[in-house]
Amino acid sequence: MITLEDLSTGYGSRCVASHLNASLSPGRLTCLLGANGVGKSTLLRTLCGFLPPMGGSIRINGTDIRQLSRKEMSRTIGVVLTERPDVPDMNVEEMTAMGRTPYTGFWGSLQGKDKEAVKEAMQMVGIAHLRVRKVHTLSDGERQKVMIAKTLAQQTPVILLDEPTAFLDFPSKVETMRLLKRLAHENGKTIFLSTHDLEMAIQLADDLWLLSKEGLQSGTADNLSANGSLERFVSCNGIKFDAARKVFYLS
Amino acid sequence: MKKLILFILMLATVALCAANLWWGSLDIPAKAVWKILCGEDIPEHPSWKFIILENRIPQMVTALCCGAALSTSGLLLQTAFRNPLAGPSILGIDSGANLGVALAMLYLGGSVTLGGLSLDGYLLVIAAAMAGALGIMGLLLLISGLLRSPVMLLITGVIISYVTGALISLLNFSATEEGVHSYIMWGMGNFSGISLDRLPVYVLLCAIGLMTSILLIKPLDTLLLGDNYAANLGTSIRLTRNALLCCTGLLTATTTAFCGPISFLGLAVPHIARMVMRTGNHRILMPATMLTGGCLALLCNLCSTLPPNGSLIPINVITPLIGAPVILYVILHTRKQQA
């Protein structure tokens, strides 16, 4: 369980969002929605531990993440970022195996259980057949799956993803979201991702976090729709939300 | 397969070491070389023993260490900056050494007295190159603490190179003809400047740099994915980057101080190693880079003795012949990949 308590995020001396309160539960897929510039990436980077909180705290099972060592963090949170690691000469298996880094010894050699974890991770996301393909020869969708496999090999209870569906075509978007949902439900992982795909998030996510200038609102799509939060969230430029059918339309 | 290639590289290194002892401006039969190495005398040619022990062995060891050191620092920088065209010269470390040497040769006139310590000739050049390179490295360490982005650090290195280049031009402009000549000669690079008694210091400094680089293998692998992924996998980015700068600084300063600014090896060899090994894994790539670098430097040293009249071709005339095609290949290959 991850809890945000009166969290303020930002970088340098600039505060981007403040007084954020919400929580993430194991076994659930949560999507973070918000307009550009509202602080989605900053919040995600703060959750990843890349940026220190400017105020308040983030607790994982009661422990403030500032108290976790680098090693403990690397065994707790796995990330998939927007930056594409462009490593020539690295194949799918080697990339997945990078997830084992927090567990390997001084030289980073893989032991039996590491190899087993890598194999299992590749099977879980369905890329075992691409094992020896070089990562840079893969399509965007396949590449995203490899990065997800890397976090699975990392065996962290929490997986955070920054816009994992951003560069994908529609079928790949759906496939990736379904995969993440399955991983959350079947493996009990806490999966949290930021996205701009509003309708897909509403249909597939277990919980939504709506980040706007007014603050952060969280809940299931039904709850947020019932209390009018979703409607308010998108009510600009003539876009309306049909709560019954969970779709947006132009008025 | 990769282990087999590493083994072949090792054999090639040994063969090239042997060739460097046997081949030279003066023909010495292989049998006589072997006898001298076993400690025997050749009574009819007493000078042969001197040539092998005092000239060819130091030259061979110098080339081997220099090749391994420069190539390794090139590999470290290419990984740290995720830039295939990064090399020891791009951060301005060797231009710092150049400036130090230019100051010593052109401004101080080749000798200096500090308190009771008097430095001149060769020793002054080494001290000046070390001071220049380590000074720039210190500056980079300081700046890397302030700048988070590796690209900014790379740009800082390029700017440093321009500034030192301008200062060197100024020094050249106002220096004596003799000073300019000796500075130009130093700048051409050579492996024959280290005598047997100075060799241990050089080898020790290279060994420290190479050993420390080997200790960085695991964090280097994670850096391939980018700073954020590396941090998420538990790597301390600042510690690794500083350790890496110290390593490259030491290796570049040592080789530049003792052999002059050797061009292209640091930039080209890691690419050759990648082409041969087809992996990004530093556990394989680093030893392969060290061996390939050693082999190429030994080969360059052999080529430098080709003129029949006994004179040596400067090393920096030979290294671009190997380096330039490799860099062209890398640029074309990268373009093809992006397309």
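Which residues is Ala129(B) in contact with, leaving aside its neighbours within four places in sequence?

1. In this predicted model, Ala129(B) is in contact with Ala97(B), Gly100(B), Val101(B), Ala253(B), Thr256(B) and Ala257(B), once its neighbours within four places in sequence are left aside.

2. Ala129(B) also matters for reading the largest nonpolar core, which holds 154 residues and in which Leu160(A), Val101(B) and Ala129(B) touch the most other members. Among the elements that supply this core, helix α3 of chain B, spanning residues 46-80, gives the most, with 14 residues.

3. Turning to the interface, 22 residues of chain A are in contact with 21 residues of chain B. On the side of chain A that touches chain B, the elements giving two or more residues are α2 (70-74) and β6 (77-80) of chain A, and α2(A) gives the most, with 3 residues. That side of chain A divides into 12 nonpolar, 5 polar and 5 charged residues.

4. His19(A), which is found in strand β2 (residues 14-24) of chain A, has a phi near 55°, a positive value in a residue other than glycine. Because 12 C-beta neighbours lie inside 10 Å, and a residue with 12 or fewer is classed as exposed, His19(A) counts as exposed.

5. The other is Glu163(A), in the loop between β7 (158-162) and α6 (170-187) of chain A, where phi is near 40°, again a positive value in a residue other than glycine. Glu163(A) has 19 other C-beta atoms within 10 Å and is therefore partly exposed, since a residue is buried only if 20 or more lie within that distance.

How values were computed
Residues are numbered from 1 along each chain as its sequence is written. Chains are lettered from A and ligands numbered from 1 in the order in which they are written. This is a predicted model: local features need pLDDT of at least 70, side-chain atom pairs count only at pLDDT 80 or more; totals for chains, interfaces and linings use all residues. Two residues are in contact if their C-beta atoms, placed from the backbone, lie within 7 Å. Helices (H or I, at least four residues) and strands (E, at least two) are DSSP runs, numbered from the N terminus. Ala, Val, Leu, Ile, Met, Phe, Trp, Tyr, Cys and Pro count as nonpolar, Asp, Glu, Lys and Arg as charged, and the others, Gly among them, as polar. A nonpolar core is a set of buried Ala, Val, Leu, Ile, Met, Phe, Trp, Tyr and Cys residues joined through C-beta atoms within 7 Å.
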